[in-house]
Amino acid sequence: MSLAIDGVHPELLLDLSAYGLICLDDVDSVAGDGSWEEALFALYESILSSGGSLVIAGRYPPGQGRFQLPDLATRLALGWGVGRSNLSRRKTSPCDAASRPGSEVLRFPMR
């Protein structure tokens, strides 16, 4: 799900942790917005406790995403990054690639 689409609100993240794999694109587009950052942090913590996987994509590496909520910035900076050049060779989005069994795309470490 792209977070940059009009009509997408932080409340949409509330119950996503029930899914085993969650893919969020354009995460950097909501950096600095307190309600989005709180919702992303709550989602992260919920996924952590449920054992799910989170794949995020954006224009900047997670540690450079300009997030204002320190706990969220720290958690996102702990993840692995895959550069665009690596993904463009696959000719697929990170979310599409991550959903395939045996995928080479690294999932966000939740443990």
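Two strands are taken to pair if DSSP finds at least two bridges between them; strands (E, at least two residues) and helices (H or I, at least four) are DSSP runs, numbered from the N terminus. The model is predicted, so that local features need pLDDT of at least 70 and side-chain atom pairs count only at pLDDT 80 or more, while totals for chains, interfaces and linings use all residues. Residues are numbered from 1 along each chain as its sequence is written, and side-chain values use heavy atoms, without hydrogens and water.

Strand 1 (residues 21-24) pairs with strand 2 (residues 53-56) in the parallel sense, over four bridges. Ile22 has Leu54 of strand 2 as its bridge partner.

The axes of helix 1 (residues 34-50) and helix 2 (residues 70-77) come within 9 Å and cross at roughly 50°, with axes fitted to C-alpha atoms over the stretch in contact and angles running from 0 to 180 degrees between N-to-C directions. The contact (heavy atoms within 4.5 Å) involves Glu37, Leu40, Phe41, Tyr44 and Glu45 of helix 1 and Asp71, Leu72 and Arg75 of helix 2.

Key. Right-handed = clockwise from strand over helix to strand, strands pointing away.
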